[in-house]
Amino acid sequence: MSKAGRHNKYHTHVEPYLNVIAAWCRNGATDMFISEKLGVSVTSLNAYKKQFPELLKSLLPNKEFADLEVENAFHRIATGYTFEEVKESIIANAAQTFDVKEEVTSKVGGQSKRTTITKKHVKPDFRAIRAWLASRQPEKWGKDVQNRENVADEQLAALYDAMTPEERKELFRELREGNQP
């Protein structure tokens with residue numbers, strides 16, 4: 001006698017790979033990616049999450065870890081950051097002098113290895129700031145506000161285009177002097 005319904009692939013296609021699934025999640029894998037790699041449908045994977053708590057334990061903390069890493073990186077991009085760039089080069093003439101940021105780290109047969117450390121700063125990224133604010137304060141920075149600003153910008157551009165050269169000069173003069181036009 002055969003059983004009606006589909007064969008459950010959890011014990012053969014999913015359970016043996018819980019550690020691999022956890023690693024995929026830490027690397028940012030989506031449910032679609034995981035289901036394709038395991039040879040099960042996304043619907044089945046979702047059902048397995050409800051049915052087998054150990055699967056959910058492999059997925060959630062590791063997805064949260066990946067999300068936090070991305071959030072931290074996004075925050076750094078939005079606020080700007082400083083880092084040290086290290087460059088190493090071989091110098092044929094070991095008698096050369098170096099500036100303060102450079103240091104000879106080793107000498108071999110008349111050659112020296114020079115390490116240069118430079119501090120660099122990456123400025124905040126305007127698009128990242130805008131996306132962050134739109135997400136955190138949508139009433140103030142969301143798409144509706146951006147759309148209204150775009151419409152206002154288009155209206156201003158149309159007004160500017162309709163101005164005569166003399167009117168434009170007068171507008172710039174007033175703006176330069178700090179007067180409201």
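Contact is taken here to mean heavy atoms within 4.5 Å, and helices (H or I, at least four residues) and strands (E, at least two) are DSSP runs, numbered from the N terminus. The structure is a predicted model, in which local features need pLDDT of at least 70 and side-chain atom pairs count only at pLDDT 80 or more, whereas totals for chains, interfaces and linings use all residues. Residues are numbered from 1 along each chain as its sequence is written, and side-chain values use heavy atoms, with hydrogens and water left out.

Helix 2 is followed by G28, for which phi is positive, near 95°.

Two packed helices are described by the angle between their axes and the distance between the axes. Helix 3 (residues 31-38) packs with helix 4 (residues 42-51) at an angle of about 100°, and their axes are 9 Å apart. This angle makes helix 3 roughly perpendicular to helix 4, where angles under 35 degrees count as roughly parallel, over 145 as roughly antiparallel, 65 to 115 as roughly perpendicular and the rest as oblique. The axes are lines fitted to C-alpha atoms, for helices over the stretch in contact, and the angles run from 0 to 180 degrees between N-to-C directions. From helix 3, the residues D31, M32, I34 and S35 meet V42, L45, N46 and K49 of helix 4. The residues of this contact divide into 4 nonpolar, 2 polar and 2 charged, with Ala, Val, Leu, Ile, Met, Phe, Trp, Tyr, Cys and Pro counted as nonpolar, Asp, Glu, Lys and Arg as charged, and the others, Gly among them, as polar.

S35, placed in helix 3, counts as buried at 2% relative accessibility. Leaving aside neighbours within four places in sequence, S35 is in contact with V40, S41, V42 and L45. On the side of helix 4, L45, Y48 and K49 are buried. These residues cover an arc of only 105° around the axis, which puts them on the same side of helix 4. The face of helix 4 turned away from its buried side carries the exposed residues T43 and K50, while what covers the buried residues of helix 4 includes helix 1, helix 3 and helix 5.

Side chains of opposite charge can pair when their charged atoms come close. The structure holds 5 salt bridges, a salt bridge being a side-chain nitrogen of Lys or Arg within 4 Å of a carboxyl oxygen of Asp or Glu. In one of these, K49 pairs with D31, with the closest N and O atoms 2.4 Å apart. K49 lies in helix 4 and D31 in helix 3, so the pair ties together parts that are 18 residues apart in sequence. K49 counts as buried at 17% relative accessibility, and D31 likewise counts as buried at 17%. The side chains of K63 and D31 also meet in a salt bridge (2.4 Å, N to O). This pair links distant parts of the chain, with K63 in helix 5 and D31 in helix 3, 32 residues apart.

A further salt bridge is formed by E85 with K120, the closest N and O atoms being 3.2 Å apart. This pair likewise links distant parts of the chain, since E85 is in strand 1 (residues 81-91) and K120 in strand 3, 35 residues apart. E85 counts as partly exposed at 23% relative accessibility, and K120 counts as partly exposed at 34%. Salt bridges that share partners join D31, K49 and K63 into one network.

V122 is also found in strand 3 (residues 111-122), and at 29% relative accessibility V122 counts as partly exposed. Not counting residues up to four places away in sequence, V122 touches G80, Y81 and F83. The C-alpha atoms of V122 and F83 are separated by 8.2 Å, although the two residues are 39 residues apart along the chain.

Key
Buried < 20%, exposed > 50% of the residue type's maximum accessible area, 1.4 Å probe, protein only. Arc of directions from axis to C-beta.
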